[in-house]
Amino acid sequence: MKKLFIFALMIMLSMSNNALGRINPDEKSDDDKEEAEIGNFDFIYGTQDDLNEEFERTEMVMSEAFSHIGTRYRSGAKGPNAFDCSGFTSYVFKQQTNVFIGASSRDQYARNIPITRDELQSGDLVFFTSPRSGRGVGHVGIVVDVDPVTQTFTFIHASTSSGVKISNSTDSGYANRYVGARRPLL
């Protein structure tokens, strides 16, 4: 009970000092302290400039990818007149970020940063099996859009039947073939 009384007395005294304007002018307000505290975590969250730069790079990658819709598929082709799946993804990233993400779909899967399906965002690489790859990586595309509720996504890729096109992860040819996702280190 004595501790509670002392605590209440301290609160009342501090409130009376605030009311009488007897606060040390060099003392920071709670708002200033909170702002300083948030500022200490810039190294984790990055700055607005970092976010803007990342957004612009993703937009450039997507713009480059969309500019090739309809380009024909050819096994082993690295573009720009024809692509295979990994030739398409590596060409797009090299053109817009000057980053080499890997030559084959397996290389791209091994070389880039692993992410979970719930971390997917536009510009990430998604990998699927193919008829010739068994359970391993055999096909790659670039995420266009993600539904965070269902974790379904659309992706742009070079398909053997239609060339560069946009598909959905729920399409019958891809729904059961998903292997994983990677984020290119830009």
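What follows is a walk through the model, one selection at a time.

**Before you click**

This is a predicted model, in which local features need pLDDT of at least 70 and side-chain atom pairs count only at pLDDT 80 or more, while totals for chains, interfaces and linings use all residues. Residues are numbered from 1 along each chain as its sequence is written, and side-chain values use heavy atoms, with hydrogens and water left out.

**Stop 1: the whole chain**

Colour by pLDDT, which is the predictor's confidence in each residue, from 0 to 100. The mean for the protein chain is 84, and 73% of its residues reach 70 or more. Now select residues 17–23: pLDDT stays under 50 there, and the model has three contacts for them beyond four places in sequence (contact means heavy atoms within 4.5 Å). Where pLDDT is low, the predicted coordinates should not be read in detail.

Next, colour by secondary structure. You'll find six helices and eight strands, running along the sequence as α-α-α-α-β-β-α-α-β-β-β-β-β-β. Helices (H or I, at least four residues) and strands (E, at least two) are DSSP runs, numbered from the N terminus. Of the 186 residues, 32% count as buried; buried means under 20% relative accessible area, exposed over 50% and partly exposed in between, with a 1.4 Å probe and protein chains only.

**Stop 2: aromatic rings**

Show the side chains of Phe, Tyr and Trp. Rings of these residues (for Trp, the six-membered ring) pair if their centres lie within 6.5 Å; planes under 30 degrees apart count as stacked, over 60 as edge-to-face and the rest as tilted. By this rule there are 10 aromatic pairs. Zoom in on F83 and F88: their ring centres are 5.4 Å apart and the planes meet at 80 degrees, so this pair is edge-to-face. Both F83 and F88 are buried.

Now pick F155 and Y174, another edge-to-face pair, with 5.1 Å from centre to centre and 85 degrees between the planes. F155 sits in strand β6 (residues 152–159) and Y174 in the loop between β7 (163–168) and β8 (178–183), so the pair ties together parts that are 19 residues apart in sequence. Which relative accessible area does F155 have? It's 0%, so F155 is buried. Y174 is buried too, at 11%.

Then jump to Y109: the charged end of R182 sits over its ring, 3.7 Å from the centre. The rule here is that NZ of Lys or CZ of Arg is within 6 Å of the ring centre and within 35 degrees of the ring normal.

**Stop 3**

Select L120, in the loop between β3 (113–115) and β4 (125–128). Is L120 buried or exposed? At 7% relative accessibility, L120 counts as buried. Not counting residues up to four places away in sequence, L120 touches I115, V126, V143, V146, F153, Y178, A181 and R183. Draw a distance from L120 to V146: they are 26 residues apart along the chain, yet their C-alpha atoms are separated by 6.9 Å.

**Stop 4: S86 in helix α5**

S86 lies in helix α5 and is buried, with a relative accessible area of 5%. Leaving aside neighbours within four places in sequence, S86 is in contact with K78, A103, S104, S105, Q108 and V140.

**Stop 5**

Where is the cis peptide bond? It joins G79 and P80, with omega about 0 degrees. P80 is in the loop between β1 (72–73) and β2 (82–83).

Move on to N98, in the loop between α5 and α6. Phi of N98 is near 55 degrees, a positive value in a residue other than glycine, and N98 is exposed, with a relative accessible area of 58%. Finish at Q151, in the loop between β5 (139–147) and β6. Q151 also isn't a glycine, but has a positive phi of about 60 degrees, and at 29% relative accessibility Q151 counts as partly exposed.
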